[in-house]
Amino acid sequence: MARDRFAPDFDPDCGDTALSSARHDIVIGRWQGLRELLHATGPDWLARGHRVRLLAQACASSSTAETWLAAEPRGADPLVLYAATETARAFNLAIAAGRGVPIGRHRVDSAVMACLHAAEAYPDDPTPWISLISVARLYQTGVRRQELARWWDELQGRDQYSVEGHLQVLHYYSSRWHGSHGLMYDFARDAAGVAPPGCALPVLVQYARVEEYRHSQDAAQDSRASVGLGQHWNNDGAISDVRRTWQRWIMGRTEDTVAPGELRDVNYLTHAACCAGVQDVAGSLLRMLGPRATRTPWSYTGDPEKQLTKGRKEFRLRA
């Protein structure tokens, strides 16, 4: 009998079927499905943030967000989605311009104003503040410390343990943007230290390690320097970080199911555990994930499917 072949499921919507349906509406130019989805989501901030972020990425190359906003110019949901879409567009421009090439300040200002209007329209929603902190990275010299702190306080007052919100600040403080490795790790460890059991914030340390790796790859001038990055994943500190995150986050959880909005976070910890060779943690996480996977961070260290298949083979997990 032939063995079952493991095939990871890289669903871009992370198993959120309602989101997949709404994203199809964007393809055909229909915004009503987006309205229904966000209305049904309500104040589930994890699900809402996940859905708005992916809807915005899909809307960035279309006029769907503008069409909805024109139909409901005072609607909170269309304003929130439009702000996230403008943020996604600004980042698309930055990517197209190339690393280190600033985009027009007026373009960033426009996204910032959209975020502020959305925050005013939906005072309880943390999502516009996450978009605001994200787009702040695109200013050539960042934003004033007092301004970033004010935006951060607004987010904290609405969703104190938002992983996505913390992640945007982590990126802002990274060497690739407006900080340093030390500042980034300090922020990640401070957030992990105050997180209650079962909270996902400890995984920020794994995000920071991936960010450092990517920065080091960019800075490497020859193949030997790149090969030397192998120790990055399995040194004593990296191994301790994996176990610490596992104990604080996963072992503190009350359920084994992984929500679409946290699938990427679990993949970051799984990737770190596999790279560090922490077999018991990696095996448990791979079982928890099953075939569900996100391409990042696996794509930063090789072919995602090959790495996941290799990990399951090492731990003798069935397809």
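Trainee: What places A191 in a helix, and why is A191 called buried?

Mentor: A191 is found in helix 10, where helices (H or I, at least four residues) and strands (E, at least two) are DSSP runs numbered from the N terminus. Its relative accessibility is 5%, and buried means under 20% relative accessible area, exposed over 50% and partly exposed in between, with a 1.4 Å probe and protein chains only, so A191 counts as buried. This is a predicted model, in which local features need pLDDT of at least 70 and side-chain atom pairs count only at pLDDT 80 or more, while totals for chains, interfaces and linings use all residues. Residues are numbered from 1 along each chain as its sequence is written, and side-chain values use heavy atoms, with hydrogens and water left out.

Trainee: Which residues does A191 contact, beyond its neighbours within four places in sequence?

Mentor: Contact means heavy atoms within 4.5 Å, and by that test A191 is in contact with H166, L201 and L204 once those neighbours are left aside.

Trainee: Why does R176 count as buried, and where does R176 lie?

Mentor: The relative accessibility of R176 is 15%, and therefore R176 counts as buried. R176 lies in the loop between helix 9 (163-172) and helix 10 (181-194). Its side chain makes a polar contact with the side chain of D218 at 2.7 Å, and R176 touches R99, E211, R214 and H215 as well as D218, not counting residues up to four places away in sequence.

Trainee: Why is P102 called partly exposed?

Mentor: The relative accessible area of P102 is 42%, so P102 is partly exposed. P102 lies in the loop between helix 5 (76-97) and helix 6 (105-121), and although P102 and Q140 are 38 residues apart in sequence, their C-alpha atoms are 6.1 Å apart.

Trainee: Why does Q307 count as buried?

Mentor: Q307 has 19% relative accessibility, so Q307 counts as buried. Q307 is found in helix 17 (residues 304-314), and its contacts include H271 and W298.

Trainee: What is the relative accessibility of W129, and which residues are in contact with W129?

Mentor: W129, in helix 7 (residues 127-135), has 6% relative accessibility and counts as buried. Leaving aside its neighbours within four places in sequence, W129 is in contact with L116, A119, W151, E154, L155 and R158. The C-alpha atoms of W129 and Y185, 56 residues apart along the chain, are separated by 22 Å.

Trainee: What is noted about the backbone at C14 and at the peptide bond from T296 to P297?

Mentor: C14 has a positive phi of about 60° although C14 is not a glycine; C14 lies in the segment before helix 1 (17-27) and, at 8% relative accessibility, counts as buried. The peptide bond from T296 to P297 is cis, with omega near 10°, and P297 sits in the loop between helix 16 (279-289) and helix 17.

Trainee: How many helices and strands does the protein chain have, and why is the protein chain called as compact as a globular protein of that length?

Mentor: The protein chain has 17 helices and 0 strands. Its radius of gyration is 20 Å, close to the 20 Å that the globule rule gives for 319 residues, so the chain is as compact as a globular protein of that length; the radius is taken over C-alpha atoms, and the rule is 2.2 Å times the number of residues to the power 0.38. Buried residues make up 50% of the 319 residues, and among contacts with a separation of 6 or more, 68% join residues 24 or more positions apart.

Terms used:
A polar contact is a pair of N or O atoms within 3.5 Å; within protein, one must be able to donate a hydrogen and the other to accept it, and residues adjacent in sequence count only if both atoms are side-chain atoms.
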